[in-house]
Protein chains: 2
Amino acid sequence: MKSKPLILITNDDGVSAAGINELAECLKTLGELVIFAPDGPRSGMSGAITSLIPISYSLLEKKEGMTVYSCTGTPVDCVKLAVNDILDRAPDLLVSGINHGGNMSVCVHYSGTLGATVEGCILGIPSLGISMTDYTDGASFEDCCILGRSLVQHLLEEKPPKGTYLNLNVPNLRQVKGLRVCRQADGRFINEYMRSENACGVPVYWLTGSLYSKPHPENDTSALDAGYASLVPCKIDVTDYGYMEELKRMMETITIKI
Amino acid sequence: MKSKPLILITNDDGVSAAGINELAECLKTLGELVIFAPDGPRSGMSGAITSLIPISYSLLEKKEGMTVYSCTGTPVDCVKLAVNDILDRAPDLLVSGINHGGNMSVCVHYSGTLGATVEGCILGIPSLGISMTDYTDGASFEDCCILGRSLVQHLLEEKPPKGTYLNLNVPNLRQVKGLRVCRQADGRFINEYMRSENACGVPVYWLTGSLYSKPHPENDTSALDAGYASLVPCKIDVTDYGYMEELKRMMETITIKI
């Protein structure tokens, strides 16, 4: 008898966050679930790894079809440690999320949710990151779960190419209009700091800011603004192949004396 | 009179590390330098940002042509805060490094050195990350400085395309054979954890492991192994354009009921 698919689940909001628990609930009939997630919030941890101190983990719960661990590390540490030391076989899928907050455009470079997704992909696991663009308390994960479950079912049948992972964002509307496959929007944050003071009167800076991105009919921020969920296929290989030949020619013209 | 180029320098080994200080020393005749770097080691911080607590900075030194700041944040925080609140004009160039340790292949996804480089590029600054593949204490940064200086001179004249940054790695040989423009090697780390125990007998895990990468005549790890420095042009936009159309077709065939 073929064993059930093994699905590794992690996030960056921590193991007790609503998003990861609602995700697990809606995926539990699709496979054997192992939740291995940070013991608290790790938002904005990107692909950070813990190398200067050791990490550890605890088993929180084990029941039919689902095992839950809490880990002291980053989202990437969670994926690495689960694959290296916990799981007895390679996962059929990694799902990271559901993040409470959007990870469109350049957020892919800051997000711990996507950091974990990148790591799964590097380790050869079909990987999907799921984020909801609603930051409010008590926001409903319902649309996200429906979309996430459909995609997971699909990915268990048809894997993305090696070295490619998927970034799903779902807007905060009661009725999402549908799903659009998109490119990453060209964007950046502006007005990024709020200056304040600590208790000794020393200036301190809180990260804030707004994402500014260029509208484009095919990009993720435009799809989300129009009420669609966005799905961006992303690559581990970030080489700018289009610029390589030009850069080669330029490097030939400069003298590098060693 | 045209003002001197403004060069923003940061790293992930901290403001007092040898690599950043040797880099500044060899670049000081090329422009006005602002060093804005973490107050201690931030290796493996990738593109992490600090959002749950505020950050702060101190002016350490101001002399002719060079100002040095120390910041409590990550490498990306340093770039953001310097550009948002410190500099009175946009930098002509960002240089991150010299990192003590290589950042070839998939290390681009974990490295704080490259995290800062990515951030510079997102903010529209021509950006270069420099790493030396020698982890030993007292390793010489000489070859790195010579190559780095040549590239910086070049980049002040000819910028890479918007959205593209450069990743320079220099091997630990007394005589580097030359510079090769490369693609990012397809790789992953293996055997990533050393199990140990804390003082209470609880198992803890130290990140370790070896980078395994596929040899390819054009990739960075092969160039470094052959004694060359490697220069990889990298993109902020990680969209897998080649897979978009196939993914669109597949998404049309699955039912997503919302």
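**Symmetry, contact and sheet**

Tutor: This is a predicted model. Chain B is superposed on chain A by a rotation of 180° with 0.0 Å of shift along its axis, at an RMSD of 0.0 Å.

Student: Why are the two copies said to be related as by a two-fold rotation axis?

Tutor: The superposition needs a rotation of 180° and 0.0 Å of shift along the axis, and therefore the copies are related as by a two-fold rotation axis. The same surface serves both copies, since 100% of the contact residues of chain B recur in chain A.

Student: What makes up the contact on the side of chain B?

Tutor: Residues count as in contact if their C-beta atoms, placed from the backbone, lie within 7 Å. The contact takes 74 residues from chain B and 74 residues from chain A. On the side of chain B, the elements that each supply at least two residues include helix H2 (75-86), helix H4 (142-157) and helix H6 (241-253). H6(B) gives the largest share, 7 residues. By class, this side has 43 nonpolar, 18 polar and 13 charged residues.

Student: Why do strand S3 (57-63) and strand S8 (179-181) of chain A stand at the edges of the sheet?

Tutor: The open sheet has 9 strands in the order S3-S4-S2-S1-S5-S6-S7-S13-S8 (chain A), with mixed pairing. S3 and S8 of chain A each have a single partner strand, so one side of each is left without a neighbour in the sheet.

Student: How do you know that S8(A) pairs with strand S13 (residues 229-235) of chain A?

Tutor: Pairing requires at least two bridges, and S8(A) and S13(A) have 3 bridges, in the parallel sense. Therefore they count as paired. Within this pair, A:Val181 stands opposite A:Leu231 in S13(A).

Definitions and conventions. Residues numbered from 1 in each chain as written. Chains lettered and ligands numbered in written order. Predicted model: local features only at pLDDT ≥ 70, side-chain atom pairs only at ≥ 80, totals over all residues. Contact = placed C-beta atoms within 7 Å. Helix = DSSP H or I, 4+ residues; strand = E, 2+ residues; numbered from the N terminus. Nonpolar A, V, L, I, M, F, W, Y, C, P; charged D, E, K, R; others polar. Least-squares fit on C-alpha atoms with pLDDT ≥ 70 in both.
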